[in-house]
Amino acid sequence: MTQLTGEPLTNSATAVPDVPARRKLRFDNRYVAPLFITVILLVGHLSYGILESYQKTALAIAVAIIAELILGRIFFGKWLNLASAYITGISVGILVRSPAYWPYALCSLISIMSKYVLRVKGRHIWNPSNFGIAVLLFLAPETMAVLSIQWGNNYWSLLVIWILGSIIIWRARRFHISATYVVSFFLFAFLRSWITGDPWQAEVAPITGPMYQLFVFFMITDPKTTVRSRTGQCLVAFGVALAEFFLRLDQVVYAPIFALFFVGPAANLVEIWWDSRKTTVATADG
Amino acid sequence: MPASRPAKILLVLLFLALLATPLALKRLAARREVGKSKMDTASALARYGLFFQEVAKSSGVDFVHQAPTLDHKLDHIMPQVASMGAGASIVDFDRDGWQDIYLTNSGEGSLNRLYRNQGDGTFTDVAGNLGIADLNQPGTGVSMGAVWGDYDNDGYEDLFVYKWGRPQLFHNDGGKHFTNVTEAAALPKWVNANTAIWFDYDGDGLLDLFIGGYYSEDIDLWHLKTTRMMPESFEYAKNGGRKYLYHNLGAGKFEEVSAKLGINSRRWALAAAAADLRGSGHQDLFVANDYGVSELYFNDGQQFHEVGEQTGVGFAPKSGMTAAFGDVLNRGEYAVYVSNISEDGVLIQGNNLWIPREGTTGDGQRYDNLSRALGVEMGGWSWGMQFGDLNNDGELDIYLTNGYVSADRSKSYWYDFSKVAGGNSSIIGDAANWPAMEGRSLSGYQQKRVWLNDGAGKFNEVAQAVGATDTYDGRAVALVDLWNRGVLDVVVTNQRGPLLIYKNTVSPENNWIDFELEGTASNRSALGAEVKLFWNGRQQVQTVSGGSGFCAENQRRLHFGLGKTAQVEKAVIRWPSGKVQTIDNASVGHINKIKEPS
């Protein structure tokens, strides 16, 4: 499967014997996520007109893909599969809200470049679109905001996206990440309600919006920007929800974006440090 | 990675440069703002050709708007809900040649005002004596705005007051008194309206009336049966008030025909304006909606056809709060301005300036939003605006007011607002789910915008420099030549704040010409008549409007700035009856009074 802004999620458990005829018919799992997010985009837009404009979304996707092609060629010496870049671009195209064109292009470009620049021991440590969006929210708040409204007025679209998304990440064996985050979010929402005295519905409200659907299904499940162990992934998801809890108490509007921005790389750095420590010990023991 | 070290260094440098780009753009924008801070009159006149001086109190106008106190179930968010009602409309109700000001108030028991222009620079409130002040008694709702139109063609402008409550129609009895004719007109018993306009949609010479509901008409905001009365969505709400189109049957009778003619919307209307956008001879109707897309109704003379999405103006849902037409490019066609919300880092909707796309006409008319390109996009939490040539240079400028709730300067409600606004309909739609405001501001204390059109495709923001320096929670803007000097003064109402009159001083070398029209076959107010003026190789079209902006109505008189040109080639008047009249000898520096030829 995939994440919204980084690498396509793949599911080794669903792999089948590599029979040539079947290989021709088989749908490559790398394209499940791009397809899913495209469906979300189309359904959301055709039903409710969620996009700022077709041109801006197209611009974000085009910039992401071109940047990935060029940088992949230069730095990896090959033409990379573009599913990841497509997801980054379309995520930017959906999530960024700006009357101007340049934030879409710049956000996509910064997102893709972050994968090549911000690397530690061969791994990029930020979810690309999370990085790009968080940076622009910080640097250009007068020009851009993030999608923060709902798809529409009823529960059906909400339900369809949650069910479809859950099935897909279940197949990709990353459901535990999303589930941990969602459960944690609700617990912290009730805790915030108790602390602030605001209605619990107000605290729960954000997760009923589309930004969270993209966040839960695509961003925090990004294989390349979360840790590898199942327990670690759950801990990171919980950590994101915890950081978001504190940011929300401080009334930060885009709390989840910034929570992931801080917690994701921190967890990766810990894992990288832990891996290198184990390698050092193993080498010493050997 | 196979890439060389220099390539990696280059990549890092490029990355850093990209990160620095927004900061560089911000610095460039800041540099452009230098020199636009407060100026003295002489400097502003020399540089921008105008200067505003606020003169309300010294002119005898001491109006301060009062907000209503709605059902106590809304106490926790009262400033957010009870946030409208300061309306302003201009009229010469007694036909003495001086423009008067009618203001709506919204506190229970508060009084509306009619400031009669004494002609000596002062104003006197005569609303009480004339019977149009006491319209906000408990149980009847409170006023939101008013529009004037001579519905019976007797030569005196009649008054329609729309309310969150029982709308009221008053007949003007020769400028001496007003008679309440609501019952006879068979107007609705209760509408939570925030917009209404007079226009003659069928060209029969009798003014018709459009009323746009905001909250559903089933709701009595003082006696709520439920707190589920908020919009079901921040951008896709369709649970607002219904729309009414009252066809004028003559003899003071009206017939409601909205559904019959194709107007069925339940979006949350905040502004409406009408003009013949396609040169079809029929008045088209534009409705700016809060919590959703704008609607544009093409009028074919028989039916209205909603073409918002088709034309482009109804594609992206925003928070429409004003609607006005202006020929900003001097091409002889109308652009449409719609104000929305922009708050740094939270919600950047940007205001819209819909310009007719070149090469599209008639039913194929399309619009492009060029507000960013022309520099009139960011206006904060924008409310009322109007087009007008503020410095008489021959180009239409923009005056825009803004600001939602100015309370505690140090505390913002935006976080809580955005939290709930993004929620599902079951959450956002229930006022009980909204966190308490607790004295916090929501886009408060904002600086106003005066955008001067440079005639070369750009508007420059000069509000502070030319004296528009207030930071009240502005609502209605109306443009009017209050002292018959050939300049446009600005009347601004403020929610829970004082009325402001910005007296305009304009650079004397710029000339002007005004037209005051009176219909004969057409409606006598001449609403919908348009004047296309040609001078010095230039042209500009303006239409006589029965309401535009937010809860506002400009003066009837059409005002054209001419720059340094001292004569005009011709003025072509297109009357609503279809007659076309060409005036070759219009007098520059004068009010040209034109009666529709028989």
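## Report on the predicted two-chain model

A hairpin joins β7(B) to β8(B) through 2 residues. Strands here are DSSP runs (E, at least two residues), and helices are runs of H or I of at least four residues, numbered from the N terminus. Two strands pair if DSSP finds at least two bridges between them. The model is predicted, so local features need pLDDT of at least 70 and side-chain atom pairs count only at pLDDT 80 or more, while totals for chains, interfaces and linings use all residues. Residues are numbered from 1 along each chain as its sequence is written, and chains are lettered from A, and ligands numbered from 1, in the order in which they are written.

**Strands around β8(B)**

Strand β7 (residues 158-165) of chain B runs antiparallel to β8(B), with 3 bridges between them. On the other pairing of β8(B), strand β9 (residues 178-180) of chain B is likewise antiparallel and joined by 3 bridges. The hairpin of β8(B) and β9(B) has 5 residues between the strands, and G174(B) takes a positive phi near 65° there. Of the 5 residues of β8 (residues 168-172) of chain B, 4 are buried, so this strand is largely enclosed by the rest of the structure. A residue is buried if 20 or more other C-beta atoms, placed from the backbone, lie within 10 Å of its own; 12 or fewer make it exposed, and values in between partly exposed.

**An open sheet in chain B**

Four strands of chain B form an open sheet in the order β24-β25-β28-β29, with antiparallel pairing. β24 (382-388) and β29 (459-461) of chain B stand at the edges, each with a single partner strand, so one side of each has no neighbour in the sheet. The twist averages 20° from one strand to the next, with axes fitted as lines to C-alpha atoms and angles running from 0 to 180 degrees between N-to-C directions. Strand β28 (residues 449-453) of chain B pairs with β29(B) in the antiparallel sense over 3 bridges.

Individual bridge partners from both regions are listed below.

| Residue | Bridge partner | Strand of the partner |
|---|---|---|
| F160(B) | L169(B) | β8(B) |
| H171(B) | T179(B) | β9(B) |
| N453(B) | F459(B) | β29(B) |

**Chain B as a whole**

Chain B holds 9 helices and 40 strands. Its C-alpha trace spans about 85 × 60 × 50 Å along the principal axes. Buried residues make up 59% of the 598 residues.

**Interface and core**

In the contact between chains, 46 residues of chain A meet 44 residues of chain B, where a contact requires C-beta atoms, placed from the backbone, within 7 Å. α5(A) gives the largest share of the side of chain A that touches chain B, 6 residues.

The largest nonpolar core has 259 residues, and those with the most contacts inside it are V240(A), A272(B), A273(B), V336(B) and V466(B). Such a core is a set of buried Ala, Val, Leu, Ile, Met, Phe, Trp, Tyr and Cys residues joined through C-beta atoms within 7 Å. Its largest share, 9 residues, comes from α5(A). Not counting residues up to four places away in sequence, V240(A) touches Y181(A), I220(A), A259(A), L260(A) and V263(A).

Conventions. Two residues are in contact if their C-beta atoms, placed from the backbone, lie within 7 Å.
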